[in-house]
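Please have the structure open as you read.

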Amino acid sequence: CLVARGEPQMAAGGRYFCTAGRGLEPFLARELRARLRATEVDYISGKVFFTTDAEPSELKKIKSGERLFLLIKKHDPLPVSGNKGKILHEIRSLVIEEPKDWLDVIATWKNLRGCEWKKDGVSQENPSPCKRKSEEEMNVVTKRQKTERVREIVSEECQAGAGENGVVPDRKSDEEGQTETKASLEDSSKSSGEKPVENEKHSFSFRVSCRCSGAIAKILTSQEIGRAIGIALMKQFRWRADLRNPDLEIFVHLNDMHSVVGIPLFRLPLANREYIKTAGLRSTIAWAMASLAEISAGDFVLDPMCGLGTILLEAATEWPVTCYWGTDISDSQLEGADVNIKTAGLMDKIELLKASVKALPLPSESFDAVISDIPFGKKFKITKDVRFLPDILQEMERVLRVGGTIVLLLSQDLHKRMDSITKSGENEPPNAIPDGAGETTAVETSSSDGNSSSVVKGVEEPILSSRQPCFGSLVPDGVYEVSLGKTVAFIYKYRKISAAGN
């Protein structure tokens, strides 16, 4: 829950928050508890707060989050009135009040960054100017091409990301917010007349990245808020503004639900996977889907519409003692998947095969899990191919062993189509919607297989209404609404309870 003033730092570990795509917050919360033994875990829309004493190398392993921050302050929403001066005073109080909180977090940040510097030999935040310049010159074309490719793929089949980075849309807005703040800090650093104290213990350069929405955004711009915070920091701590190459970035997010201030721990978002050369499905969504499949050592896992192989890559990286198969009808997609698999060094874990999902050349009941993003049409627009959805489901059901799981990502249109398919199985009119259908309740469950990864155990799964009918031998075991940027999608989980046809 939110507190009226800044949260105190916990002696047992650092206090953090991690951004997440809408709908992925429960996945991230469970992962943090399992992977990092995190405590005091709670979440609000787009953010998960937690405490841990994990090292940076462990923090970098977070899979379902976007960006990781050291938490400085978490407050109730700032009171909003028509008086700009009064609001700016409240904003400045975030900085001026309880300065020890700031210095404690800065000390933690410096210690954590120090570990990274010793490991890498150079700060990720401040690589040498010459090296950074040469890298930018060498990679500018590649980065532009990759960004364009990511935008194209994201709009066709997956999430544009969420939370802080959001890969395409959210990162764009974040950059816009930074631009406004940078300009304001340049003005404030000139007008404040403050000279930096170079030899002070906590003296270093900084910039402020601000996002505001809701009532406060109607009165103040990000530029005005960033300017107020920047001046307050310079006066309070004698830090100096450096907008191009700062030692430290201050993140501020103000809206109608909360006021959050933090420091990004890593330069790159957690969602940027170094082992994926060509981006396809959003990596956080792919990992969340794999986490629902209850993958165990020795299992056989299939993605019958693998595309560029993102789901297989995320699963094989997290659960390596497993055999993975990917099929696709597109030569270009398989070629891209092959490049990604080689880049990740997973050639011995993942097999690729050209085949149609409607007629898989695979034995019946040969896989323990089937995971797939069903990519019908650009930007999830429904096409005539949707009529093959029942055939696809039947083929997945055929190759799945009894007790196995199917995890599918469906667009909003396919979500409606799936409902009509399952309802028709109960001899109901396709357009009839039974009372309570699609409603969810949170329950505690654990993997039916005791060898399942601990990351999956303790899943607080939303279970479909008991009135939701099954499809053949597949019983609905959960449905999750997730954000794909401007688009909504649904993760469906099914369990096979009997042999096909019984």
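## Helices on the sheet

Helix α10 (residues 331–344) lies across β10 (323–328) and β11, and runs at about 170° to β11. Helix α11 (residues 389–399) packs on the sheet as well, touching β9 (300–303), β12, β13, β16 and β17 (487–496), and its direction makes about 150° with that of β13. Contact here means heavy atoms within 4.5 Å. Axes are lines fitted to C-alpha atoms, for helices over the stretch in contact, with angles from 0 to 180 degrees between N-to-C directions. Helices (H or I, at least four residues) and strands (E, at least two) are DSSP runs, numbered from the N terminus.

This is a predicted model: local features need pLDDT of at least 70, side-chain atom pairs count only at pLDDT 80 or more, and totals for chains, interfaces and linings use all residues. Residues are numbered from 1 along each chain as its sequence is written, and side-chain values use heavy atoms, leaving out hydrogens and water.

## The sheet itself

Seven strands form an open sheet with mixed pairing, in the order β11-β10-β9-β12-β13-β17-β16. Its edge strands, β11 (350–354) and β16 (474–484), each pair on one side only; strands pair if DSSP finds at least two bridges between them. Strands β12 (residues 367–373) and β13 (residues 400–411) run parallel, joined by six bridges.

## Helix α1

In helix α1 (residues 25–36), nine of the twelve residues are buried, meaning under 20% relative accessible area with a 1.4 Å probe, protein chains only. Among them are F27, L28 and L32. Just after α1, R37 takes a positive phi of about 55°.

Definitions and conventions: Buried means under 20% relative accessible area, exposed over 50%, partly exposed in between (1.4 Å probe, protein chains only).
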